[in-house]
Amino acid sequence: MVNILKTIISFFVLIPLSSIYADEIEKDASLEALYGEYFVANVERYRGGLTSSEEALKQVDTKVTLKESDFSFWDGTNYENPVYDIEDHPVSRGEGNVPSSDERFGSFYGYGHERDNIRTINVYSKESSESPYMFEVVEDELWMFLDGWFYRLERASSEGGPLSFNKKTDACSNNEIRG
């Protein structure tokens, strides 16, 4: 009787723990797969903001680096030993539900709405209390929505240049808001 009780308790304790452990291993593997250099391949206005077209377009071909021991952003921000946090968010499909501002991902603005899950990576500095940089992970790209602009980052080739030469900077040359 005691052995059966131990088995039942072990089952209800170990199964959830192993599931949590497996999820953490999957996220660690996902993070390692994301390490590398990315270049801004496309900039597009999706709503109003304070950043001018000229400032946004200057980011085309700029580099963002995600490495285990280093993170650098195009504005000159560098974090040594950054903290990376990968999160999965369900896509809200309910009609009339307006998510809070921190739950608005690209699908809210019409980008990648066909996804069933939205994976994000947040990058923090251990030394700073600044807000994290947040990217949506879409296949082998990083997407960033910043001050009314959508930045699509492509992984760099092993030679350090962009994988694609498809630069759609004309998408915002007329300064219209996507809607």
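Student: Which residues form one aromatic cluster?

Tutor: The cluster is made up of Y46, F108, Y109, Y111, W143, F145 and F150. This is a predicted model, in which local features need pLDDT of at least 70 and side-chain atom pairs count only at pLDDT 80 or more, while totals for chains, interfaces and linings use all residues. Residues are numbered from 1 along each chain as its sequence is written, and side-chain values use heavy atoms, with hydrogens and water left out.

Student: How many aromatic pairs does the structure hold, and why is the pair of Y109 and F145 called stacked?

Tutor: There are 18 aromatic pairs in the structure. For Y109 and F145 the ring centres are 6.3 Å apart and the planes stand at 25 degrees. Rings of Phe, Tyr and Trp (its six-membered ring) pair if their centres lie within 6.5 Å, with planes under 30 degrees apart counted as stacked, over 60 as edge-to-face and the rest as tilted.

Student: Why is Y109 called partly exposed?

Tutor: Its relative accessible area is 21%. Buried means under 20%, exposed over 50% and partly exposed in between (1.4 Å probe, protein chains only), so Y109 falls in the middle class.

Student: How do you know which class the pair of W143 and F150 belongs to?

Tutor: The ring centres of W143 and F150 are 5.2 Å apart and their planes stand at 80 degrees, so this pair is edge-to-face. Both W143 and F150 are buried.

Student: Why is strand 8 described as largely enclosed by the rest of the structure?

Tutor: Five of the six residues of strand 8 are buried, and therefore the description applies. Strand 9 (residues 149-155) is likewise mostly covered, with six of its seven residues buried. For the chain, 37% of its 179 residues count as buried.

Student: How do you know that strand 8 and strand 9 pair?

Tutor: DSSP has to find at least two bridges between two strands for them to pair, and strand 8 and strand 9 have six, in the antiparallel sense. Along this pairing E141 stands opposite E154, and L142 stands opposite L153. The two strands form a hairpin with two residues between them, and D147 in the turn has a positive phi of about 50 degrees.

Student: Which sense do strand 7 and strand 8 pair in, and where does strand 1 stand in relation to strand 9?

Tutor: Strand 7 and strand 8 pair in the antiparallel sense over three bridges, with V138 opposite E141. Their hairpin also has two residues between the strands, and E139 takes a positive phi near 55 degrees there. Strand 1 (residues 36-45) pairs with strand 9 in the antiparallel sense over seven bridges, and Y38 has R155 as its bridge partner.

Student: What pattern does the chain follow along the sequence?

Tutor: The chain has two helices and nine strands, arranged as α-β-α-β-β-β-β-β-β-β-β. Residues 24 or more positions apart account for 64% of its contacts with a separation of 6 or more, a contact being heavy atoms within 4.5 Å.

Student: Where is S69 placed, and why is S69 called partly exposed?

Tutor: S69 is in the loop between strand 2 (63-66) and strand 3 (70-72). With a relative accessible area of 45%, S69 lies between the two limits already given, so the residue is partly exposed.

Student: Which residues is S69 in contact with, leaving aside its neighbours within four places in sequence?

Tutor: Those residues are Y79, E80, N81 and P82. S69 and V83, which are 14 residues apart in sequence, lie 9.3 Å apart in space, C-alpha to C-alpha.

Definitions and conventions
Helix = DSSP H or I, 4+ residues; strand = E, 2+ residues; numbered from the N terminus.
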